[in-house]
Amino acid sequence: MKTVLIECRHIGHEFQRARKSACIPMRDAAKMLGLDRKTLAKYEGGKLPIPDNMVHRLAHYGYVLMRARHMTDTRKQ
């Protein structure tokens with residue numbers, strides 16, 4: 001039986017949502033973050049605890065990507 005931490009799953013899903021809302025493929029996001037695609041998938045799926053320094057990097061990129069997406073959407077209107 002596998003143990004999955006609720007917090008890891010929640011945080012991972014939020015970062016996944018930010019990545020997808022910005023239309024960034026996982027392989028591109030992994031490259032931006034200097035990660036292997038499989039590692040990023042484990043982080044997003046909550047299967048691997050995300051180290052603190054990576055949470056900060058993901059948060060920074062996530063917010064940057066969401067802001068860029070928002071700016072692109074408002075310019076289309």
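Which exposed residues does the face of α2 turned away from its buried side carry? They are Arg27 and Lys31, where exposed means over 50% relative accessible area, buried under 20%, and partly exposed in between (1.4 Å probe, protein chains only).

A word on the ground rules. This is a predicted model, in which local features need pLDDT of at least 70 and side-chain atom pairs count only at pLDDT 80 or more, while totals for chains, interfaces and linings use all residues. Residues are numbered from 1 along each chain as its sequence is written, and side-chain values use heavy atoms, with hydrogens and water left out.

Let's stay with α2, which covers residues 26-33. Helices here are DSSP runs (H or I, at least four residues), numbered from the N terminus. The buried residues of α2 are Met26, Ala29, Ala30 and Leu33. Looking down the helix axis, you'd find these buried residues within an arc of 100 degrees, so they line one face of the helix; the arc is taken over the directions from the helix axis to the C-beta atoms. After α2 comes Gly34, with a positive phi near 75 degrees.

Now for the charges. Side chains of opposite charge can pair when their charged atoms come close. The cut-off used for a salt bridge is a side-chain nitrogen of Lys or Arg within 4 Å of a carboxyl oxygen of Asp or Glu, and by this rule there are three.

One of them involves Arg27 from the exposed face of α2, whose side chain meets that of Asp28 at 3.1 Å, N to O. Arg27 is exposed at 57% relative accessibility, whereas Asp28 is partly exposed at 34%.

Another sits in helix α1 (residues 6-21), where Glu14 and Arg17 are three residues apart and so about one helical turn from each other. Their N to O distance is 3.5 Å. Glu14 is partly exposed at 35%, and Arg17 is exposed at 53%.

What about Glu44 and Arg19? Their side chains form a salt bridge with an N to O distance of 2.8 Å. Glu44 belongs to helix α3 (residues 37-45) and Arg19 to α1, so this pair ties together parts that are 25 residues apart in sequence. Both partners are buried: Glu44 has 4% relative accessibility, and Arg19 has 8%.

Glu44 has other neighbours too. Leaving aside residues up to four places away in sequence, Glu44 touches Arg9, Gly12, His13, Phe15, Gln16, Arg19 and Met26, with contact meaning heavy atoms within 4.5 Å. Met26 brings us back to α2, as one of its buried residues.

How values were computed: Helices (H or I, at least four residues) and strands (E, at least two) are DSSP runs, numbered from the N terminus.
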